[in-house]
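Subject: Handing over the structure, with notes

Dear colleague,

Here is the structure that I would like to pass on to you.

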Amino acid sequence: MFAKLKNEKGVTLIEVMATAIIVAGAIIALYTGIIYADKQVLRNYHDRVATLHASGELEWQMYYKKNYKVFDEYNYGKPVIIDRLKRGNLNGMMTMKVYDRYETPFGSQVPYKSVVVTVTWTEPGDKTARRIVVEEDFY
């Protein structure tokens, strides 16, 4: 009977601990990946909202220029809401500048206006400054 017990092989404590460490490492890596992906999805959402604000402002400028023959210029920042959070809104600031530009196709100068809209905000999670710049040319 003792000979049978000596021949039986089982799992040692070291093998169990090694397996537990490997499984714990895999769970931590998966959790870290999920947290990073969640933050990146939120950051991409904020970028998309800021881009939509800037594009909407360019559409407004196109309408205003077409109907009133001038741009609706302002030298101050317009506040915009990037996201509605549980603890309040994530606010940003939208600025617009109009530049006189020239293009020289075939040797002759063609004047045009370039409208640049910038939306800036600070990400709430890591406090990084973010900025989206959209530019449109008006001939």
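This is a predicted model: local features need pLDDT of at least 70, side-chain atom pairs count only at pLDDT 80 or more; totals for chains, interfaces and linings use all residues.

Residues are numbered from 1 along each chain as its sequence is written, and side-chain values use heavy atoms, with hydrogens and water left out.

On confidence, the chain has an average pLDDT of 93, and 94% of the residues score at least 70, where pLDDT is the predictor's confidence in each residue on a scale from 0 to 100. Among the elements of the chain, the lowest mean pLDDT, 62, belongs to helix H1 (residues 2-7), and the highest, 97, to S4. Helices (H or I, at least four residues) and strands (E, at least two) are DSSP runs, numbered from the N terminus.

The largest nonpolar core has 18 residues, and those that touch the most other members are Ala50, Ile82, Met94, Val115, Val117, Val119 and Trp121. At least two residues of this core come from each of helix H2 (13-68), strand S1 (78-85), strand S2 (88-103), strand S3 (110-122) and strand S4 (129-138). A nonpolar core here is a set of buried Ala, Val, Leu, Ile, Met, Phe, Trp, Tyr and Cys residues joined through side-chain atoms within 4.5 Å; buried means under 20% relative accessible area, exposed over 50%, and partly exposed in between, with a 1.4 Å probe and protein chains only. Val115, when its neighbours within four places in sequence are left aside, is in contact (heavy atoms within 4.5 Å) with Leu58, Gln61, Phe71, Met96, Lys97, Val98, Val134, Glu135, Glu136 and Phe138.

His46, which is found in helix H2, counts as buried because its relative accessible area is 0%, and its side chain makes a polar contact with the side chain of Asp83 at 3.0 Å. Beyond its neighbours within four places in sequence, His46 is in contact with Ile82, Asp83, Leu90, Trp121, Glu123 and Pro124. Asp47, also placed in helix H2, counts as buried because its relative accessibility is 17%, and its side chain makes a polar contact with that of Arg130 at 2.6 Å. Not counting residues up to four places away in sequence, Asp47 touches Trp121, Arg130 and Ile132.

Leaving aside neighbours within four places in sequence, Thr120 is in contact with Gly92, Met93, Arg130 and Arg131.

Turning to open space, the largest pocket holds about 350 Å³. Of its 14 lining residues, Lys39, Leu42, Glu123, Gly125 and Asp126 are the closest to its centre, and H2 gives the most to the lining, with seven residues. On a 1 Å grid over the protein atoms alone, a pocket is an open set of points where a 1.4 Å probe fits, with protein on both sides within 12 Å along at least five of seven lines, and lining residues have an atom within 4 Å of a point. Grid points are joined across faces, edges and corners, and the volume is the space filled by probe spheres set on the points.

Two loop residues have backbone angles to check. Phe106, in the loop between S2 and S3, has a positive phi of about 55 degrees although it is not a glycine, and it is exposed, at 88% relative accessibility. Lys127, in the loop between S3 and S4, has a positive phi of about 60 degrees and is likewise not a glycine; its relative accessible area is 63%, so Lys127 counts as exposed.

Finally, Met62 lies in helix H2 and is partly exposed, at 38% relative accessibility. Met62 and Glu136 are 74 residues apart along the chain, and their C-alpha atoms are separated by 9.4 Å.

With best wishes

Terms used:
A polar contact is a pair of N or O atoms within 3.5 Å; within protein, one must be able to donate a hydrogen and the other to accept it, and residues adjacent in sequence count only if both atoms are side-chain atoms.
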